[in-house]
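Thanks for making the time this morning; I would like to walk you through one structure, taking the helix contacts, the ligand and the domains in turn. Please have the sequence and the model open while I talk.

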Amino acid sequence: MASNGSLNSAIPEGPLPEKWTNYKNKAKLINPSNKRKFSVIVVGSGLAGGSAAATLSELGYQVKCFCYQDSPRRAHSIAAQGGINAAKNYQNDGDSVWRLFYDTIKGGDFRSREANVHRLAEVSSNIIDQCVAQGVPFAREYGGLLANRSFGGAQVSRTFYAAGQTGQQLLIGCYQALEKEIQKGGVEMYKRTEMMDLVVVDDEAKGIVVRDLITGEVTSHAADVVILATGGYGNVFYLSTNAMGCNVMAAFRAHKRGAYFANPCYTQIHPTCIPVSGDYQSKLTLMSESLRNDGRIWVPKSKETAEQIRKGELAAYDVPEEDRDYYLERKYPSFGNLAPRDISSRSAKEVCDEGRGVAATGLGVFLDFRDAIDRLGEDTIRSRYGNLFQMYEKISGDNPYKEPMKIYPAVHYTMGGLWVDYNLMSNLKGLHVLGEANFSDHGANRLGASALMQGLADGYFVIPTTLPNYLAGVKPGTVTTDAPEFKAAEADAKERIDKLMNIKGTKPVDLFHRELGLLVWDECGMARSKEGLEAALARIPAIRKDFWENVRIPGKADSLNMELEKAGRVADFIDFAELMCHDALDREESCGGHFRIEHQFTPDDEAVKSGFTNDGEAKRRDDEYCYVSAWESNGPGKKPTLHKEELEFESVELSVRSYK
Ligand SMILES: Cc1cc2nc3c(=O)[nH]c(=O)nc-3n(C[C@H](O)[C@H](O)[C@H](O)COP(=O)(O)OP(=O)(O)OC[C@H]3O[C@@H](n4cnc5c(N)ncnc54)[C@H](O)[C@@H]3O)c2cc1C
């Protein structure tokens with residue numbers, strides 16, 4: 001097993017393609033009659049948590065599963081649109097486990113752990129089989145075979161999909177499996193219940209403190225092991241494509257109790273979202289990346305033409321072909337409109353910064369289906385993307401069959417998360433983290449259709465194998481909620497609620513959230529600089545002070561109170577934003593979704609001169625920054641301590657990432 005300073009990543013020995021097989025062959029087992037003696041808490045019932053809870057219960061463990069929605073079926077996973085990757089090579093277009101592994105490593109700008117990513121690629125095929133067996137209605141070819149489409153950062157077609165609602169169909173499959181176990185008594189489901197704290201006893205995670213969101217009651221639950229599958233933190237930016245409830249509370253409270261937070265500054269800005277339309281908007285809408293299979297992205301070549309379009313004096317389809325700049329096809333001829341998200345997003349920002357944006361705000365580019373409709377016919381396009389086109393029309397009022405969509409990058413996914421080793425266990429023993437909540441396999445940039453793959457790999461296949469490794473060394477049922485650590489954590493949670501309720505200020509929670517979101521978007525969003533990050537770090541304490549003195553939470557704590565829920569989440573976002581900025585400031589390089597304007601290729605660089613990459617592309621500094629940043633909390637307002645997991649690449653050569 002590999003160890004890295006204070007962080008032991010527990011990567012199995014042996015050649016990369018054999019690590020997971022060897023691990024499984026030698027992994028510790030727990031015999032069936034002993035499994036039922038172990039209790040497992042799973043927080044989260046999205047694709048990662050739901051699949052883990054159902055599978056662990058099927059194996060015989062006693063599972064308690066928690067979510068804050070009124071049904072596991074409403075987890076944010078349901079929003080996923082475009083698809084899920086797997087190295088099945090059904091298209092016979094050259095795909096393989098190795099290629100999916102390599103695309104993911106390269107897509108993540110060489111900032112992920114090789115062993116985990118290879119395992120993910122290996123497991124990907126099993127996921128499709130599992131979901132088909134559950135009855136997930138993946139799209140099929142005319143002859144009945146499963147269909148595929150392409151996603152960014154890959155030159156093969158390996159994405160399985162169910163129209164534009166893949167997440168919903170996968171979640172229904174997962175939910176059925178979970179419901180079966182609930183019915184059987186293997187899973188006790190706690191809905192409308194929010195985890196407020198992690199309880200650590202003798203340096204091991206042994207339970208959680210929760211608040212019943214309907215009655216306000218605060219209680220504790222003990223178990224032999226705790227699994228967090230609580231999703232991502234994109235809503236720190238206020239506006240994002242995430243569900244409104246997505247938050248960082250569970251992960252951040254675990255962080256405050258000792259779990260390291262890895263790469264918090266790695267956030268994904270998705271290139272194809274409906275542009276912001278006004279100051280009082282609370283949500284952004286994704287237009288799935290799958291649309292880039294057939295849609296072409298362009299802006300006018302001249303600022304003047306763009307200006308005419310913005311003023312409504314010229315229609316997009318009246319712009320002649322020679323006046324259009326299909327900038328992704330021009331800059332990245334081999335990947336074209338399927339360039340990865342970080343690169344496509346930055347390119348959209350670039351053309352808009354040049355004054356060539358087409359939305360009323362100047363922040364928008366065209367995603368155009370004219371050529372695809374001419375080539376394939378409207379019916380084919382409707383069968384592929386009908387629900388997405390309908391959604392676009394309902395929101396924007398424009399008919400995308402008749403005029404191009406307008407899109408712009410928006411916050412979408414978070415690659416950062418709690419640090420985990422190969423077993424998916426954090427540095428805090430017993431605490432396991434799955435899905436978007438862990439720092440995951442995506443490095444500095446996630447490829448499209450890989451989040452669903454990772455969440456389901458973690459829940460259906462990885463954790464059932466790795467959990468016994470920890471449990472085999474644990475005596476079941478030794479800790480109960482009578483332990484003083486539970487009483488103390490419960491008292492902390494109640495005190496925090498009282499403190500929030502007693503502020504009785506004048507400013508609504510959303511005001512603080514919006515202010516914080518704009519700040520992190522401006523300074524820790526698509527482009528970051530030392531100066532901007534330092535300014536943000538100077539400003540966040542003032543936002544925190546204002547919040548804790550002036551926030552107004554109407555209603556009571558002992559009943560349903562959505563403002564109180566929001567306040568708790570925004571308080572954590574404020575502290576968390578500080579952590580993100582510290583991380584972004586430390587990382588003096590550009591990689592994937594983390595673009596430090598000080599570190600970009602210039603015309604003097606050899607790679608630009610040789611035509612391998614372009615002036616202005618992200619410039620990594622492998623000699624100094626080839627590590628995972630794992631931050632230890634020292635409390636709000638105090639600089640966290642950085643621990644580094646050096647990334648070692650044995651099978652892949654670090655290279656300048658090019659999609660030309
Ligand atoms: C619009 C959109 C489209 C997407 N499309 C795709 C796609 O096509 N392909 C793809 O691969 N990825 C896609 N993604 C990304 C993908 O959907 C997510 O990364 C993934 O679904 C996350 O799953 P999860 O199980 O980790 O978390 P979630 O689905 O977010 O589930 C989190 C769970 O944790 C619970 N929870 C959170 N905090 C607490 C707490 N404090 N107490 C109790 N419970 C808590 C919630 O109730 C919920 O049950 C998309 C994302 C968006 C926003």
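Predicted model: local features only at pLDDT ≥ 70, side-chain atom pairs only at ≥ 80, totals over all residues.

Let me begin with a pair of helices, where Phe512, Glu515, Leu516, Leu519, Val520, Glu523 and Cys524 of α15 are in contact with Gly532, Leu533, Ala535, Ala536, Arg539, Ile543 and Phe547 of α16. Sorted by class, this contact of α15 with α16 holds 10 nonpolar residues, 1 polar residue and 3 charged residues.

A second pair can be set beside it: helix α3, residues 47–59, and helix α13, residues 451–471, pack at an angle of about 20°, with 8 Å between their axes. That angle makes α3 roughly parallel to α13, and the crossing of these two helices is right-handed. On the α3 side the contact is made by Leu47, Ala48, Gly49, Gly50, Ser51, Ala52, Thr55, Leu56 and Leu59, and these meet Leu452, Gly455, Leu456, Asp458, Gly459, Tyr460, Ile463 and Pro464 in α13. The residues of this contact divide into 10 nonpolar, 6 polar and 1 charged.

Now to the ligand: which residues are the closest to it? There are 44 residues surrounding the ligand, and the closest are Gly44, Gly46, Ser77, Gly231 and Gly435. By class, the shell around the ligand comprises 21 nonpolar, 21 polar and 2 charged residues.

Finally, the domains: the assignment for the protein chain gives domain 1, residues 270–411, and domain 2, residues 484–646. Their C-alpha centres lie 30 Å apart, and the contact takes 6 residues from domain 1 and 5 residues from domain 2. On the side of domain 1 that touches domain 2, the largest share, 4 residues, comes from helix α10, residues 341–353. That side of domain 1 divides into 1 nonpolar, 1 polar and 4 charged residues.

Terms used
Residues numbered from 1 in each chain as written. Axes fitted to C-alpha atoms, helices over the stretch in contact; angles between N-to-C directions. Parallel < 35°, antiparallel > 145°, perpendicular 65-115°, else oblique. Left-handed = near helix turned anticlockwise from the far one by under 90°. Contact = placed C-beta atoms within 7 Å. Nonpolar A, V, L, I, M, F, W, Y, C, P; charged D, E, K, R; others polar. Near = placed C-beta within 6 Å. Domains from an automatic or database assignment.
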